[in-house]
Amino acid sequence: MMELLGMAFFKNAFLMCFFLGILFGTLSFFVVMRGLSFMGAGIAHTAFAGIALGLLLDINPFYTSLVFCVASALAIGRIVRLGRVSYDVSIGIFFSFSMALGALFIAFRKDYTFDIMGYLFGNILGVTDFDLTLVVIALLVFLPFVALCLHRILFASFDEEVAAVSGVPISLLENAMLIFLAAIIVVSIKIVGIILVSALIVLPASFGLLLSRDFRLVLAAGIAYTVVIMLGGLFLSYNLDTPTGATMVTGGTLVYFAALGASRFFAHIR
């Protein structure tokens with residue numbers, strides 16, 4: 001293990017997985033409680049168009065995918081609040097549109113030499129000091145936001161109408177959560193990949209809810225679960241020479257189903 005951590009790229013990937021585990025473990029709770037689980041998949045796939053545009057224009061794909069994801073998240077939220085389209089329909093439209101747009105951008109670029117599989121399924125070799133800095137910044141901004149707004153977010157999650165009447169700024173909180181969701185997805189793509197990152201939005205809170213209904217325990221269990229599956233997946237992927245994101249998500253899903261089976265078993269024998 002110490003030998004692996006002595007390599008700069010693996011040390012960056014290790015630290016990135018640890019910080020992302022905390023971010024996803026925390027974010028997942030609020031996304032699931034707000035009923036926005038499918039939003040993670042939708043926003044992740046809009047990143048494909050942003051990355052493809054960055055590659056086409058020779059701009060760092062991080063910037064173009066961040067703009068695409070944040071704009072898409074806010075647009076979806078705005079369309080839904082207008083009351084004409086549901087979240088599922090709106091996300092489905094943006095989902096397919098972004099993938100199609102990304103395919104067109106890639107087709108326009110004739111000298112096709114970049115690692116598209118790395119963006120789709122994750123590649124630890126692609127993690128740089130810049131990516132690690134972005135994750136640390138996201139952590140330093142997101143956690144204080146959650147600490148400051150925790151009770152308002154919980155209030156809005158349990159009863160949005162009463163929370164709005166009580167003065168909770170629902171739209172502002174929701175837009176802030178959508179921006180954080182988009183930003184955290186974008187900074188994690190190098191490790192997990194576009195296709196699989198949505199699993200890290202849903203699995204942590206789902207795992208925590210198997211263990212407890214106390215939101216503090218759900219948050220703590222979700223964070224611990226995400227850190228373990230990301231670091232475990234990182235070591236496994238390196239040793240097995242498999243895609244990092246696929247290894248993490250496969251391991252995390254198996255752990256979730258094992259926990260689900262165990263919780264049902266113990267509930268049955270009580």
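This short talk walks through one predicted protein model, from its overall build to a few single residues.

Hi everyone, and thanks for coming. Some ground rules before the tour. Because the model is predicted, local features need a pLDDT of at least 70 and side-chain atom pairs count only at pLDDT 80 or more, while totals for chains, interfaces and linings use all residues. Residues are numbered from 1 along each chain as its sequence is written, and side-chain values use heavy atoms, with hydrogens and water left out.

How confident is the predictor? The pLDDT, which is its confidence in each residue from 0 to 100, averages 84 over the protein, and 96% of the residues score at least 70. Among the elements, helix α1 (residues 2-5) has the lowest mean, 70, and helix α11 (residues 215-240) has the highest, 91.

Now the fold. We have 12 helices and zero strands, where helices (H or I, at least four residues) and strands (E, at least two) are DSSP runs numbered from the N terminus. The radius of gyration is 19 Å, close to the 18 Å that the globule rule gives for 270 residues, so the protein is as compact as a globular protein of that length. For the record, that radius is taken over C-alpha atoms, and the rule is 2.2 Å times the number of residues to the power 0.38. Along the principal axes, the C-alpha atoms fill a box of roughly 55 × 45 × 35 Å.

What about contacts, meaning heavy atoms within 4.5 Å? Of those with a separation of 6 or more, 77% come from residues 24 or more positions apart. The protein exposes about 12800 Å², with carbon and sulfur atoms supplying 70% of it; these areas come from the Shrake-Rupley method with a 1.4 Å probe, and for residues only the protein chains shown count as cover.

Let's go inside. Of the 270 residues, 52% count as buried. Buried means under 20% relative accessible area, exposed means over 50%, and partly exposed is in between (1.4 Å probe, protein chains only). A nonpolar core is a set of buried Ala, Val, Leu, Ile, Met, Phe, Trp, Tyr and Cys residues joined through side-chain atoms within 4.5 Å. The largest one here has 94 residues, and those touching the most other members are Leu20, Met39, Phe142, Phe145, Ile191, Val192 and Met230. Helix α9 gives the most to this core, with 15 residues.

Take Met39 from that list. Leaving aside residues up to four places away in sequence, Met39 touches Ala73, Ile76, Tyr87, Ile91, Leu178 and Leu181. Then there is His45, which sits in helix α3. Is His45 buried or exposed? At 8% relative accessibility, His45 counts as buried. With the sequence neighbours up to four places away again set aside, His45 touches Phe95, Ser98, Met99, Ile194 and Ile195.

On to the aromatics. A pair of rings is described by the distance of the centres and the angle of the planes. Rings of Phe, Tyr and Trp (its six-membered ring) pair if their centres lie within 6.5 Å; planes under 30 degrees apart count as stacked, over 60 as edge-to-face and the rest as tilted. A search of the whole structure finds 13 such pairs. In one of them, Tyr63 and Phe130 have ring centres 6.3 Å apart and planes at 55°, so the pair is tilted. This pair links distant parts of the chain, with Tyr63 in helix α4 (residues 61-81) and Phe130 in helix α7 (residues 129-158), 67 residues apart. Tyr63 is partly exposed at 44% relative accessibility, and Phe130 is partly exposed at 33%.

Phe145 and Phe180 make another tilted pair, at 4.9 Å centre to centre and 40° between the planes. Phe145 counts as buried at 15% relative accessibility, and Phe180 as buried at 14%. Phe10, Phe14, Phe235 and Tyr238 form one aromatic cluster.

Last stop, the backbone. Most residues other than glycine have a negative phi. Asp58 lies in the loop between α3 and α4, and is exposed, with a relative accessible area of 64%. Asp241 also has a positive phi, near 55°. Asp241 is placed in the loop between α11 and α12 (244-269), and is exposed at 71%.

That's my tour, and I'm happy to take questions!

How values were computed
pLDDT = per-residue confidence, 0-100. Contact = heavy atoms within 4.5 Å.
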